[in-house]
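Please look through the sequence and the structure below before reading on. The report then describes how the parts of the structure meet.

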Amino acid sequence: MIKGKAIQQNPAKPSHALGALIIIVYVFFIGLPLLALIIKTASSGSLLNVLFSSTTLQAIKLSIITSLISIIIIVIIGTPVAYIISRSDSKILKILDIFIELPIILPPIVAGVAMLMAFGRQGILGGTLEQLGITIPFTTTAVIFAQIFVSAPFYIRSARISFGAIDKDLEDLSRTLGKSPWHTFWNITIPLTWTGLTTGIALSWARSLSEFGATLMFAGNMIGETQTMPLGIMTAMETDLNTALNLSLVLLMISVIILLGIHFLSSKFSRTRV
Amino acid sequence: MNSVHAYLEYSNDNFNLCVDIHMNGKDSLILYGPSGSGKTTILKLLLGLLHPSQGSIRIGEQVLLDTNSHISQPAHQRKIGYVPQDYKLFPHLSVMKNLTYGMPRPLTYDHADFLNLITDTLNITNLEERNVLSLSGGEMQRVAIARALAIKPNLLLLDEPSSSLDLELRMSVRNLIKQLHEEFKIPTIIVTHDQQEALALGTQMHVLQNGEIIESGEPNQVLGQPEKIPTASSIDIENIFEATVTSRDATNGITVCQYHDLNVEIPLYDIAIGDNINIGIKASDIIVATEKPSNISARNVFEVKVTKIYNGRSGIMLECYAGASHFSVQITKSALDELAILEGQTLYLLFKASSCFMLKP
């Protein structure tokens with residue numbers, strides 16, 4: 001009787017409890033593997049040894065350098081692409097927009113095969129490139145190609161949504177105040193879309209860092225040349241679990257640092273612009 | 001002061017616009033019309049934010065656009081100040097940065113002095129370091145006007161300058177715009193669908209409908225006694241009725257027309273007996289009496305029955321009939337209370353012949 005009365009007085013309570021339970025289950029599901037990784041790595045006691053081994057350092061260095069180059073290229077090319085698509089009513093560009101997002105759902109291994117068929121020796125452009133003395137597959141350039149292919153859509157999508165969401169009249173108004181489209185882009189468009197752009201950079205960079213399938217297929221797994229951290233982890237899993245654990249923890253930490261760093265910069269930039 | 005000449009043709013989907021605008025430098029031109037009539041499109045064409053299929057724009061000696069000669073200055077080179085309806089202050093910049101956005105960097109002494117003059121005139125000096133998101137509607141508008149003036153424009157465009165402000169602020173904004181027009185001497189185009197605003201701010205007026213100027217003139221003339229039925233409809237002339245000319249008295253300057261059973265006297269027009277014409281009279285130009293008046297100068301006195309009493313936009317509205325002849329009459333609430341007018345009551349309506357005007361189709 002008392003229970004029934006309590007439920008009548010606060011009918012939202014069961015749904016609150018159910019909501020809390022679902023959240024706990026989800027946090028547990030995501031948190032437990034990460035926690036397990038940290039605990040197991042710590043208990044292995046070999047973090048520093050593994051971290052400073054030449055193979056690990058090479059993988060970390062290669063991952064950071066290639067992903068940095070990739071994200072710079074993605075931002076330079078992706079920003080105008082996203083801006084043009086967001087400002088255009090062209091049906092061709094709308095179709096292109098869907099096409100650009102294809103790599104998000106494409107299995108990375110398929111992306112790797114596709115890139116081989118384009119740039120590989122037997123590929124459509126392979127012969128021409130070879131005649132020019134350019135070899136892309138199974139080089140560090142191929143790592144960058146694979147990263148750009150799979151992670152660019154994350155940035156372009158985020159940038160396109162941000163550009164589409166801002167008030168275009170503000171850009172028009174800037175022009176009526178004597179400012180060129182270029183000045184307007186840097187002083188109105190970019191600051192107003194900054195949060196969306198940095199989120200896109202964070203997502204895209206994190207995706208580049210974790211890229212595995214396309215890299216393996218198109219760039220191979222050569223230490224110091226194409227073996228990025230995810231490939232290093234896979235290789236280590238076959239022979240040395242401790243190395244795999246330590247590399248995984250380092251990759252996790254770098255990803256978290258990038259994510260937090262960009263969010264921090266984004267919010268700081270938003271505040272200081274006023 | 002620069003004169004402004006613009007001829008603009010523009011088409012988009014099912015909308016076609018064709019207007020010819022001429023202003024002398026002292027003019028404050030009102031573009032008046034309902035939503036979708038093309039008012040804001042004209043502003044955007046002048047600004048260079050839209051491109052006409054045919055047209056020319058000249059301010060003083062400067063040609064901004066001439067499609068025949070393939071001249072089209074981009075928006076950022078036109079020096080036309082623009083204050084949009086919802087101000088469009090840059091939300092990521094302070095008030096000061098909004099104000100100086102269009103000014104050269106670094107600010108010269110001349111520019112700083114000019115900015116001080118503007119901010120003093122608009123009384124926004126104390127707002128300079130504020131975040132624009134913390135400003136009230138009236139403050140936002142003054143900042144938007146100041147920002148547009150700061151580029152020393154050759155032409156100033158104001159889109160519905162007081163539409164989103166409350167009544168009291170509207171009055172002060174209108175006074176301010178008049179003061180700015182006198183002080184800075186910039187030809188100004190004001191888009192509005194508010195008659196009071198048009199009367200308060202305009203020296204000239206164009207009435208727009210479906211992308212065309214249907215009537216032009218001084219605001220008090222156009223809004224008081226328009227010449228055309230579409231204008232009368234768009235400015236809400238409450239009484240527009242068809243009548244037949246029965247006699248003309250050129251000596252006394254009177255035309256008598258038959259409106260159902262009533263003989264209505266209107267001013268003398270160049271029309272023939274037997275012509276069917278449209279007559280307009282504003283509801284606020286009709287006087288109400290509860291007893292039949294005598295010895296008065298008004299040429300039109302009719303006995304009517306009140307069928308409906310309701311609150312209108314500017315006062316109490318009475319719907320009255322004399323047989324089949326219908327009149328809408330506007331009175332104040334105090335007049336309604338004092339005369340104790342009730343639905344079904346018999347009243348007398350009085351209006352001067354000169355309050356009536358003939359409308360062309």
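## Where chain A meets chain B

This is a predicted model, and the values in this report are computed from it. Between the chains, 21 residues of chain A are in contact with 25 residues of chain B, and the area buried between chain A and chain B comes to about 2,000 Å², with carbon and sulfur atoms giving 66% of it.

Two salt bridges are counted between chain A and chain B, and one salt bridge joins D167(A) to K88(B), whose closest N and O atoms are 2.5 Å apart. Between the two chains there are also five residue pairs in polar contact, with both residues at pLDDT 80 or more. On the side of chain A that touches chain B, α10 (168-176) and α11 (181-210) of chain A each supply at least two residues. The residues of that side of chain A comprise eight nonpolar, seven polar and six charged ones.

## The two domains of chain A

Chain A is divided into domain 1, covering residues 1-44, and domain 2, covering residues 47-272, and the centres of these two domains of chain A, taken over C-alpha atoms, are separated by 35 Å. Six residues of domain 1 of chain A are in contact with seven residues of domain 2 of chain A, and the two domains bury about 570 Å² between them, 78% of it on carbon and sulfur atoms.

Of the area that domain 1 of chain A buries against domain 2 of chain A, 72% is supplied by L37(A), T41(A) and S44(A), which is more than any other three residues supply. Across this interface of chain A the rule finds zero salt bridges, and it also finds zero residue pairs in polar contact with both residues at pLDDT 80 or more. On the side of domain 1 of chain A that touches domain 2 of chain A, the residues divide into three nonpolar, two polar and one charged.

## The two domains of chain B

Chain B is divided into domain 1 (4-228) and domain 2 (239-359), and the C-alpha centres of these two domains of chain B lie 39 Å apart. Six residues of domain 1 of chain B are in contact with seven residues of domain 2 of chain B, while the area buried between them is about 440 Å², of which carbon and sulfur atoms give 48%.

Between the two domains of chain B the count of salt bridges is zero, whereas two residue pairs are in polar contact, with both residues at pLDDT 80 or more. The side of domain 1 of chain B that touches domain 2 of chain B has two nonpolar, two polar and two charged residues.

Key. Residues are numbered from 1 along each chain as its sequence is written. Chains are lettered from A and ligands numbered from 1 in the order in which they are written. This is a predicted model: local features need pLDDT of at least 70, side-chain atom pairs count only at pLDDT 80 or more; totals for chains, interfaces and linings use all residues. Side-chain values use heavy atoms; hydrogens and water are left out. Contact means heavy atoms within 4.5 Å. Buried area is the accessible area (1.4 Å probe) that two parts lose on being put together, summed over both. A salt bridge is a side-chain nitrogen of Lys or Arg within 4 Å of a carboxyl oxygen of Asp or Glu. A polar contact is a pair of N or O atoms within 3.5 Å; within protein, one must be able to donate a hydrogen and the other to accept it, and residues adjacent in sequence count only if both atoms are side-chain atoms. Helices (H or I, at least four residues) and strands (E, at least two) are DSSP runs, numbered from the N terminus. Ala, Val, Leu, Ile, Met, Phe, Trp, Tyr, Cys and Pro count as nonpolar, Asp, Glu, Lys and Arg as charged, and the others, Gly among them, as polar. Domain bounds come from an automatic or database domain assignment.
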